[in-house]
Amino acid sequence: KYPRISVETSLVLTKDSMFLKTPLLLGLIVLGTHVWTIQKEFVDVSKNHDYFVASMEFALAQFNEDNMEEHSYKLLEVGWAQQKVSFNHKVHLELHRTICKKQDEDLNNCPLQEGPGEKKVDCTFIVDARPWFSQFTLLNSTCIQK
């Protein structure tokens, strides 16, 4: 009838087979290193990006909440914006103290303090943003009075 065929699989590695697999292995190592490097570094992003804007607003709200002063601060200028692949945002903000107290309703339309009570701060915030869960976490903040 039909001849019987025996199939055996062998996992013997020879110099030739290893030589052919070496470029593939090196490529995976380079790709892995590149991806790890990208995730480790911040890169510049648009200041208008949706997730960035939400992170910036969260950082400002957290600053006002944590600040021991009775007056709230308002955003004057976004110095720069950066992001990691993992949705960590790093932002430099210039803030100015307002005449409104923190518990006041409309802080967005609150006038800035001028004269002897005037106070400005430069802050750098790092925010971990998980916008699909509406979750934001302030990882680091550094502020210097101007």
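Two strands are taken to pair if DSSP finds at least two bridges between them. Helices (H or I, at least four residues) and strands (E, at least two) are DSSP runs, numbered from the N terminus. The structure is a predicted model, in which local features need pLDDT of at least 70 and side-chain atom pairs count only at pLDDT 80 or more, while totals for chains, interfaces and linings use all residues. Residues are numbered from 1 along each chain as its sequence is written, and side-chain values use heavy atoms, with hydrogens and water left out.

Five strands form an open sheet in the order S1-S2-S3-S4-S5, with antiparallel pairing. Strand S1 (43–44) and strand S5 (135–145) are the edge strands, each pairing on one side only. Between S1 and S2 the antiparallel pairing runs over two bridges, and Asp 44 stands opposite Gln 82 in S2. Helix H2 packs on the sheet and touches S2, S3, strand S4 (120–130) and S5; contact here means heavy atoms within 4.5 Å. The direction of H2 makes about 145 degrees with that of S2, where axes are lines fitted to C-alpha atoms, for helices over the stretch in contact, and angles run from 0 to 180 degrees between N-to-C directions.

S2 and S3 are joined in the antiparallel sense over 10 bridges. Gln 82 stands opposite Lys 90 in S3. The hairpin of S2 and S3 has four residues between the strands, and in this hairpin Phe 87 takes a positive phi near 70 degrees. S3 also pairs with S4, again antiparallel, over nine bridges, and His 89 has Val 127 in S4 as its bridge partner. Because 11 of its 14 residues are buried, S3 is largely enclosed by the rest of the structure; buried means under 20% relative accessible area (1.4 Å probe, protein chains only).

The largest pocket holds about 240 Å³ of space. A pocket is an open set of points on a 1 Å grid over the protein atoms alone, where a 1.4 Å probe fits, with protein on both sides within 12 Å along at least five of seven lines; lining residues have an atom within 4 Å of a point. The volume is the space filled by probe spheres set on the points. The lining comprises 13 residues, of which Glu 57, Leu 60, Tyr 73, Leu 75 and Asn 108 lie nearest the centre of the pocket. Helix H2 (50–66), strand S2 (71–83) and strand S3 (88–101) each supply at least two lining residues, with the largest share, five residues, coming from H2. By class, seven lining residues are nonpolar, four polar and two charged; Ala, Val, Leu, Ile, Met, Phe, Trp, Tyr, Cys and Pro count as nonpolar, Asp, Glu, Lys and Arg as charged, and the others, Gly among them, as polar.

Technical notes: Buried < 20%, exposed > 50% of the residue type's maximum accessible area, 1.4 Å probe, protein only.
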